[in-house]
Amino acid sequence: MGLENMVIPAHVAVILDGNGRWAKKRGIPRAMGHKAGCETLETMVEAAARMGIGYFTVYGFSTENWKRSAEEVKALMQLFRYYMVRLLKVASENNVRVKMIGEKSRFAPDIIEGIDRLVEGTKDNTGMTFVIAVNYGGRDEIVRAARKLVKDYRENGEDVSTIDEKLFASYLDTDKIPDPDLLIRTSGELRLSNYLLWQLAYTELYITECLWPDFNQEELEKAIVAYNGRERRFGGRK
């Protein structure tokens with residue numbers, strides 16, 4: 001599928017859903033589905049960078065994921081440890097800058113160090129920005145932003161009437177990151193799952209039945225073709 005004469009969205013956000021169902025269909029442990037999902041993510045970072053996408057944001061681990069079984073959470077943490085090293089290599093080879101959003105303090109110290117190493121080691125890259133949401137929830141992000149804003153205003157005696165959307169957005173994890181143009185959700189689920197609730201206000205949504213481990217460049221191109229078929233409107237204006 002070609003993308004000639006197509007507008008490439010500047011920012012694509014993805015909800016990577018379906019790893020567990022993919023594993024269940026094959027009669028293998030859920031952890032193997034997550035591993036396959038990580039392998040898909042590697043290839044998609046490279047594909048998105050080649051296609052000229054400016055920002056590629058993925059839902060890596062939500063605040064709700066801690067409620068999964070201890071065994072599954074432990075397996076996910078081990079995958080984080082392994083794939084952070086892999087992603088550093090992939091990012092370096094593709095001139096990709098990595099950013100993390102979410103509250104990382106809940107992770108084990110070595111995972112926090114790995115996150116910091118990944119971000120620091122790619123900060124000077126000038127290509128696509130790959131944003132990973134870890135221990136992230138949209139409501140949690142908004143509450144944390146509100147707390148920081150209130151703290152600053154109290155300390156500085158500011159007039160709350162000066163608070164507007166632009167100022168509030170600067171307190172979010174995504175400060176200086178443009179809002180997504182396109183959201184892709186795999187596995188056919190029709191919900192946002194507490195993902196980028198502020199940022200997705202005017203984002204085009206694309207839902208595919210494809211399970212995340214089966215997602216590939218062709219599936220990404222289908223989403224971009226569908227995006228190009230939409231009549232983009234913002235607040236009732238073209």
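## The main pocket

Helix α3 is the top contributor to the lining of the largest pocket, giving six residues. Helices and strands here are DSSP runs numbered from the N terminus (helices are H or I with at least four residues, strands are E with at least two). A pocket is an open set of points on a 1 Å grid over the protein atoms alone, with protein on both sides within 12 Å along at least five of seven lines. Lining residues have an atom within 4 Å of a point.

The largest pocket has a volume of about 800 Å³. Its lining counts 37 residues, and L16, Y59, G60, F61 and N65 are the closest to its centre. At least two lining residues come from each of α1 (19-26), α2, β2, α3 (70-93), α4 and β4. By class, 20 are nonpolar, nine polar and eight charged. Nonpolar means Ala, Val, Leu, Ile, Met, Phe, Trp, Tyr, Cys and Pro; charged means Asp, Glu, Lys and Arg; the others, Gly among them, are polar.

## About the model

This is a predicted model, in which local features need pLDDT of at least 70 and side-chain atom pairs count only at pLDDT 80 or more, while totals for chains, interfaces and linings use all residues. Residues are numbered from 1 along each chain as its sequence is written, and side-chain values use heavy atoms, with hydrogens and water left out.

## The sheet

Six strands form an open sheet in the order β3-β4-β2-β1-β5-β6, with parallel pairing. The edges are β3 (97-101) and β6 (204-207); each has a single partner strand, so one side of each lacks a neighbour in the sheet. Two strands pair if DSSP finds at least two bridges between them.

Strand β1 (residues 11-15) runs parallel to β5 (residues 182-185), joined by four bridges. There, V14 has I184 in β5 as its bridge partner. Five bridges link β3 and β4, also in the parallel sense. M100 stands opposite I132 in β4.

## Helices and strands

β3, helix α4 (residues 109-122) and β4 make a β-α-β unit that is left-handed. A crossover is right-handed if, with the strands pointing away from the viewer, the path from the first strand over the helix to the second runs clockwise.

## The cavity

One cavity of 30 Å³ or more turns up in a search of the whole structure. A cavity is a set of grid points where a 1.4 Å probe fits but cannot get out. H11, T57, T174, I177, P178, P180, L196 and Q199 line the largest cavity. Four of its lining residues are nonpolar, four are polar and none is charged. Volumes are the space filled by probe spheres set on the points, which are joined across faces, edges and corners.
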